[in-house]
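Subject: Model for your review

Hello,

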Amino acid sequence: MNLYVGVDISKGYADSCVIDDEGTVREEYRLDDTRSGHDQAQELAQEWYGTVSSEEELLVGMEATGRTERNWLDLFEQIADKTDPEAYCAGPLVLRRFAE
């Protein structure tokens with residue numbers, strides 16, 4: 001089953017929600033934008049990736065928030081290099097148009 005992680009970035013922290021193909025919320029987290037919060041995000045991403053098979057995907061998405069997303073995007077790109085999830089960052093206008 002594919003897993004999708006939405007990351008809502010705020011100044012100083014990020015909220016994450018993990019859902020599956022059926023739209024079921026599997027987990028929710030609030031992580032600080034600190035070294036320990038990033039370490040925890042890395043551990044969680046490795047757990048998430050361990051639950052998907054080789055035919056499935058783990059996708060991480062976040063909204064561009066005027067550069068505050070940069071730490072988180074860099075982190076998830078580093079995690080992707082190790083565990084192979086896809087990490088995406090989209091602008092607010094693109095997301096609004098998609099929602100419409």
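The lining of the largest pocket consists of eight nonpolar residues, one polar and one charged, where Ala, Val, Leu, Ile, Met, Phe, Trp, Tyr, Cys and Pro count as nonpolar, Asp, Glu, Lys and Arg as charged, and the others, Gly among them, as polar. The residues concerned are V7, G61, M62, E63, Y88, C89, A90, V94, L95 and F98. Two or more of the lining residues come from each of β4 (58–63), β5 (86–90) and α3 (92–99). Helices (H or I, at least four residues) and strands (E, at least two) are DSSP runs, numbered from the N terminus.

The space in this pocket is about 190 Å³. A pocket here is an open set of points on a 1 Å grid over the protein atoms alone, where a 1.4 Å probe fits, with protein on both sides within 12 Å along at least five of seven lines; lining residues have an atom within 4 Å of a point. Grid points are joined across faces, edges and corners, and the volume is the space filled by probe spheres set on the points.

This is a predicted model, in which local features need pLDDT of at least 70 and side-chain atom pairs count only at pLDDT 80 or more, while totals for chains, interfaces and linings use all residues. Residues are numbered from 1 along each chain as its sequence is written, and side-chain values use heavy atoms, with hydrogens and water left out.

There are three salt bridges in the structure (a side-chain nitrogen of Lys or Arg within 4 Å of a carboxyl oxygen of Asp or Glu). For each partner I also give the relative accessible area (buried is under 20%, exposed over 50%, partly exposed in between; 1.4 Å probe, protein chains only).

- R30 and D15: the closest N and O atoms are 2.7 Å apart. R30 belongs to strand β3 (residues 25–32) and D15 to strand β2 (residues 13–20), so this pair ties together parts that are 15 residues apart in sequence. R30 is exposed at 53%, and D15 is partly exposed at 23%.
- R26 and D20: the closest N and O atoms are 3.2 Å apart. R26 is partly exposed at 43%, whereas D20 is buried at 5%.
- D39 and R35: the N to O distance is 3.6 Å. Both residues lie in helix α1 (residues 35–50), four residues apart, about one turn of the helix. D39 is partly exposed at 30%, and R35 is exposed at 64%.

Regards
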